[in-house]
Amino acid sequence: MMLNSGLARALWLALLTFLLAGTSRAEDLVIPGSGNPEYVLGQLAQAFNARQSQHRVVVPPSTGTAGALRDVGEGLSPLGRVGRTLKDDERKQGFLYVSLGRDPVVIAGGAGVTVRNLSTSQLVDIYSGKITNWSDLGGKAAPIRAVGRENSDASRQAVARVIKAFKDITFGPGVKIVNLDPQLLALLDRYPSSLGFLNRSALAACTTKVVHLALDGVDPTPENLERGSYPAWVELGLIHKPNGLTPAARAFLDFIRSPEGERMLRRYGILPPGGPG
């Protein structure tokens with residue numbers, strides 16, 4: 001059956017349009033893993049996606065560092081996000097680590113907290129259940145809704161490095177233990193008299209104005225971290241396997257390492273690799 005020239009041309013143009021659309025379609029890069037770098041990576045992804053159309057980066061909800069190791073290890077994603085450096089056994093499995101920088105771990109109160117400083121001993125007393133009301137610390141009377149984390153949590157490990165008693169602490173009966181960062185953020189937003197601890201950049205995802213408390217008189221600022229006077233921090237990073245990076249993953253890593261990417265990291269209080277602290 002012969003097609004007339006007009007119909008043949010229309011079919012050819014439709015086929016060409018389809019082929020071109022297929023070649024220009026963005027490659028999705030999904031980066032699973034820890035909640036610690038989730039917010040800042042989401043902001044970096046938005047900036048990266050807005051500047052080019054060849055690739056699209058997606059930062060899904062947290063599945064923890066374990067989720068990053070699993071998905072990258074099984075080849076489900078070329079990049080995973082983690083809230084700590086790799087352990088020796090993980091490096092032996094072939095994982096490679098790309099540092100995003102150091103992020104202060106903040107002792108954070110809900111919007112109604114009027115206390116502005118806690119000593120390390122007061123923090124231990126709160127989480128062990130000895131202090132249960134903000135009035136005992138000179139603040140406005142309200143029950144302290146303390147939120148704890150499991151031993152493997154990167155932020156808890158950072159606090160335990162500074163406060164040795166925190167390593168094996170037995171949480172008081174009023175402490176609510178959560179497994180993921182979004183759960184902690186939701187409780188800080190929901191309860192004005194709450195208390196928790198998390199890296200500074202992740203706290204930017206809160207919808208209320210949470211209070212950043214000083215620890216032993218030192219504010220959890222990137223400047224104090226850079227000077228070495230604030231002791232609690234996590235190192236945020238990305239992991240991948242050798243020869244496992246796709247073009248989208250390479251392009252996104254290049255953007256993070258660019259002057260614009262470094263400026264964004266610093267804007268959220270993260271000291272890029274090479275900064276003291």
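The buried residues of H3 pack against S3, helix H4 (88-92) and strand S10 (233-240). This is a predicted model, in which local features need pLDDT of at least 70, side-chain atom pairs count only at pLDDT 80 or more, and totals for chains, interfaces and linings use all residues. Residues are numbered from 1 along each chain as its sequence is written, and side-chain values use heavy atoms, with hydrogens and water left out.

Some terms come first. Buried means under 20% relative accessible area, exposed means over 50%, and partly exposed lies in between (1.4 Å probe, protein chains only). Helices (H or I, at least four residues) and strands (E, at least two) are DSSP runs, numbered from the N terminus. Contact means heavy atoms within 4.5 Å.

Stay with H3. The helix is mostly covered, with seven of its ten residues buried. Those residues are Gly-64, Thr-65, Gly-67, Ala-68, Leu-69, Asp-71 and Val-72. Asp-71 counts as buried because its relative accessibility is 13%. The side chain of Asp-71 meets that of Arg-70 in a salt bridge, at 3.3 Å from N to O. A salt bridge is a side-chain nitrogen of Lys or Arg within 4 Å of a carboxyl oxygen of Asp or Glu. Arg-70 has 42% relative accessibility, so Arg-70 counts as partly exposed. After H3 comes Gly-75, with a positive phi near 75 degrees.

Thr-63 is found in the loop between strand S2 (55-58) and helix H3 (64-73). Thr-63 is partly exposed, because its relative accessibility is 38%. Leaving out residues up to four places away in sequence, Thr-63 touches Pro-32, Gly-33 and Ala-68. Ser-34 is 29 residues from Thr-63 in sequence, yet their C-alpha atoms are 6.0 Å apart in space.

Asn-36 is the next stop. This residue is found in the loop between strand S1 (27-30) and helix H2 (38-51). Asn-36 counts as buried because its relative accessibility is 3%. What do its polar contacts join? One of 2.7 Å joins the side chains of Asn-36 and Asn-199. Another, of 3.3 Å, joins the side chains of Asn-36 and Ser-155. A polar contact is a pair of N or O atoms within 3.5 Å; within protein, one must be able to donate a hydrogen and the other to accept it, and residues adjacent in sequence count only if both atoms are side-chain atoms. Beyond its neighbours within four places in sequence, Asn-36 is in contact with residues including Gly-83, Asp-181, Ser-201 and Leu-236.

Salt bridges come next. The whole structure holds eight of them. Arg-81 and Glu-38 meet in one through their side chains, at 3.2 Å from N to O. Arg-81 lies in strand S3 (residues 80-82) and Glu-38 in helix H2, so the pair ties together parts that are 43 residues apart in sequence. Both Arg-81 and Glu-38 are buried. Arg-84 forms a salt bridge with Glu-90, the closest N and O atoms being 2.8 Å apart. Arg-84 and Glu-90 are both buried.

Turn to strand S9 (residues 211-215). Four of its five residues are buried, which leaves the strand mostly covered. S9 pairs with strand S4 (residues 96-109) in the antiparallel sense over three bridges. Two strands pair if DSSP finds at least two bridges between them. Ala-108 has His-212 in S9 as its bridge partner. S9 also pairs with strand S5 (residues 117-118), in the parallel sense over two bridges. There, Asn-117 stands opposite Ala-214 in S9.

Next come the cores. A nonpolar core is a set of buried Ala, Val, Leu, Ile, Met, Phe, Trp, Tyr and Cys residues joined through side-chain atoms within 4.5 Å. The largest has 58 residues, and those with the most contacts inside it are Leu-118, Tyr-127, Trp-134, Phe-166 and Phe-252. A second, separate core of 13 residues includes Val-106, Ala-108, Leu-185 and Ala-202.

Finally, step back to the whole chain. There are eleven helices and ten strands. Of the 277 residues, 48% are buried. Among contacts between residues at least 6 apart in sequence, 74% join residues at least 24 apart.
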